[in-house]
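Please open the model in your viewer and keep the sequence beside it, so that each selection can be followed in both.

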Amino acid sequence: MTSIQLPAGYTVSTDPTLLDRESVHRWLSEDAYWALGRAREKQDLAIDHSLNFGLYEETSGTQVGYARVVTDRATFAWLCDVYIAPAARGRGLGTALTAAVRDRLAALGLRRLMLATRDAHEVYAKVGFNPLALPEKWMILGEQ
C-alpha cells in the first residue's frame, strides 16, 4: 500500500476526549449529504460506540477533520462520517486522514474494511479502496 503522510502541522488522534463534538455534529448534520439532519443525541451515541479519528491543527489544537469506524476490532470495519472542514479542504487532508485510519486498522488484521461514497471515490482509491469485485454477493437492509 502507498504510504501517505499527513501534511506538516497536522496530527490525528483516536482520543475521544479531544473530539469537538459540537463541530462534528454541525459538520455532519448541516453539510454532509449522508447525515443531513442527524440529531445531536444520535451523533453522540454513534461517537460513543465507535472508534473515532480526529484530525487537528498542531499549533492551535483546532479540530479540522473527523472519521468514524464501526468495528468489532477482529474481522470487520465500516469507515464512515469522513469529513474535512471546508476551510481546511484542498490540502490532501481527506486522503491523509483516510490513510491514517487504514494504517491504524491494519494492526487489527481485519478481513474487510468497507465504506460507501457518492462522490469521493478518487480520495479512497488513493489509499487502496476498490469497487466491490462481486457486488452481486452483497445485500443491504435499510437506506441505499
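Begin with everything selected and coloured by burial: of the 144 residues of the protein, 40% count as buried, where buried means under 20% relative accessible area, exposed over 50% and partly exposed in between, with a 1.4 Å probe and protein chains only. What you see is a predicted model, in which local features need pLDDT of at least 70 and side-chain atom pairs count only at pLDDT 80 or more, whereas totals for chains, interfaces and linings use all residues. Residues are numbered from 1 along each chain as its sequence is written, and side-chain values use heavy atoms, with hydrogens and water left out.

Next, switch to a cartoon view, where 4 helices and 5 strands can be found, in the order β-α-α-β-β-β-α-β-α from the N terminus on; these are DSSP runs numbered from the N terminus, helices being H or I with at least four residues and strands E with at least two. The radius of gyration of the protein is 15 Å, close to the 15 Å that the globule rule gives for 144 residues, so the protein is as compact as a globular protein of that length; the radius is taken over C-alpha atoms, and the rule is 2.2 Å times the number of residues to the power 0.38.

Now select helix H1, residues 21-31. Its buried residues are Ser23, Val24, His25, Trp27, Leu28 and Ser29, and what covers them includes helix H2 (40-48), strand S3 (63-71) and S4. Across the protein, residues 24 or more positions apart account for 61% of the contacts with a separation of 6 or more, a contact meaning heavy atoms within 4.5 Å.

How many aromatic pairs does a search of the whole structure find? The search finds 3, counting rings of Phe, Tyr and Trp (its six-membered ring) whose centres lie within 6.5 Å, with planes under 30 degrees apart called stacked, over 60 edge-to-face and the rest tilted. Select Trp27 and Tyr83, which form a stacked pair at 5.4 Å centre to centre with 20 degrees between the planes. This pair links distant parts of the chain, since Trp27 lies in H1 and Tyr83 in strand S4 (residues 76-84), 56 residues apart, and both Trp27 and Tyr83 are buried.

Finally, select Tyr124 and Phe129, an edge-to-face pair at 6.0 Å centre to centre with 80 degrees between the planes; both Tyr124 and Phe129 are buried.
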